[in-house]
Amino acid sequence: MTRKTDDILSRRKFLIASGAAGLTGLAGCTENNSNSESEPTEASGGSGDSEDSGSGSESEGLSGDINVAGSSTVFPLATAMAERFQKEHSEVNVNIQSTGSGGGFANYFCTGQTDFNNASRPIKGEEQDQCSNNDINPVELKVATDALTVIVNNDNDFIGEGLTVEQLKTIFSAEEKPTMWSDVNSEWPEEEIEIFGPTDASGTYDYFIEAILGEEGPGHRQDYSATEQDRTIIQGVKGSKFAIGYMGFAYYSENTDAVQAVAVDNGDGYVEPSLDTALSGDYTPLSRPLFTYPAKESLAKDHVAEFARYWMENSTSKEIVADEVGYVPLGEDEKQEMLDKLNSAIEEAN
């Protein structure tokens, strides 16, 4: 992955750490912070220029608030886009909260409190029903591709090349629930497995179940340290030789000195998580699409519609999506498909 200047890396670490703080008291969250609510992130001038501004004469003089909740995985990408948009439209205030995909849908978006919900998995049927019951119509827009990343301690010297999908299933399954590494492989240490991961309000949690455990399987074990704060997962794994966890690739990419990523074997050999392996499709089954969902009703507001267009028009930007944030950008055809869907929704909203 191309590295930017120290300024950009420091800003990215701040953005992701800020997003990890999120809100407390949400469905499925287990962490408690001293503040009951996270500070909204207000973009204040991003570094570099976007490839397509998406602004024109019809968008001059935009003003108003845009409220965004949802996935901690999508948070740094949403923030990078909002920074640039606000640089061009200083009277627009974009407030972004990291709540987890499910927490955002249930507590904010489907209750009509936010204009967008970011998600690291598609909206669920029950969430769609909740939105419909409140006369909210979400518009699904793909914004990038992620490589969900399994991490272990830097001193872990026993798993060798990596872990197979079957071994991951054994470790995280609610049915098997091994307590020792030797329960997974008899040649591994007779030491307790310490597990860190996202809560069940997280799209990352949901996707891990889908990809590794199977939707019809026994489910995710619950005797682990669950948090919506990615930095807490990093700290937990960094603190124990026998720890394991998982998260989105972007946050791992900012902490490569603290933990190590695990190569995963889905039957065709061990593959490291990276932008290249996610793009090529070699990193299976843990590469995944990322989404944002604007409410069609909010798209009737010019400043909301223009921000959505801006995001989609820059979804192919290597500079923003790959180099700065750490995800795979959309291809040109995907971008046009999303723009067509978005523009149709804006027309219907008006």
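User: At what angle do the axes of α2 and helix α11 (residues 302-313) cross?
Analyst: This is a predicted model: local features need pLDDT of at least 70, side-chain atom pairs count only at pLDDT 80 or more, and totals for chains, interfaces and linings use all residues. Residues are numbered from 1 along each chain as its sequence is written, and side-chain values use heavy atoms, leaving out hydrogens and water. Axes here are lines fitted to C-alpha atoms, for helices over the stretch in contact, with angles running from 0 to 180 degrees between N-to-C directions. The axes of α2 and α11 come within 10 Å, and they cross at roughly 120°.

User: Which word describes how α2 and α11 lie relative to each other?
Analyst: Angles under 35 degrees count as roughly parallel, over 145 as roughly antiparallel, 65 to 115 as roughly perpendicular and the rest as oblique. With a crossing of roughly 120°, α2 and α11 are therefore oblique.

User: How many charged residues does the contact of α2 with α11 have?
Analyst: Contact means heavy atoms within 4.5 Å, and here α2 brings L77, A78, M81, A82, R84, F85 and E88, while α11 brings H303, E306, F307, Y310 and W311. Ala, Val, Leu, Ile, Met, Phe, Trp, Tyr, Cys and Pro count as nonpolar, Asp, Glu, Lys and Arg as charged, and the others, Gly among them, as polar. By class, that gives eight nonpolar residues, one polar, and for the charged ones, three.

User: Is the crossing of α3 and α4 left-handed or right-handed?
Analyst: The axes of α3 (residues 101-109) and α4 (residues 125-133) come within 10 Å and cross at roughly 15°. That makes the two helices roughly parallel. A crossing is left-handed if the near helix is turned anticlockwise from the far one by less than a right angle, and right-handed if clockwise. This crossing is left-handed.

User: And which residues of α4 meet α3?
Analyst: On the α3 side you've got G102, F105, A106 and F109. Across from them in α4 sit E127, Q130 and C131.

User: How many residues of helix α7 (residues 203-213) are buried?
Analyst: Buried means under 20% relative accessible area, exposed over 50%, and partly exposed in between (1.4 Å probe, protein chains only). Cover for the buried residues of α7 comes from elements including α3, β6, α5, β10 and β14. The helix is largely enclosed by the rest of the structure, because its buried residues number ten of the eleven.

User: What is the relative accessible area of S72?
Analyst: S72 is in the loop between β2 (64-70) and α2 (75-88). Beyond its neighbours within four places in sequence, it's in contact with S98, G100, E228 and D230. S72 counts as buried, with a relative accessible area of 10%.

User: Is D135 buried or exposed?
Analyst: D135 is in the loop between α4 and β5 (141-147). Its phi is near 60°, a positive value in a residue other than glycine. Most residues other than glycine have a negative phi. At 61% relative accessible area, D135 is exposed.

User: Where does a cis peptide bond turn up, and what is its omega?
Analyst: The bond joins T284 and P285, with P285 in the loop between α10 (275-280) and β14. Its omega is about 5°.

Conventions. Helix = DSSP H or I, 4+ residues; strand = E, 2+ residues; numbered from the N terminus.
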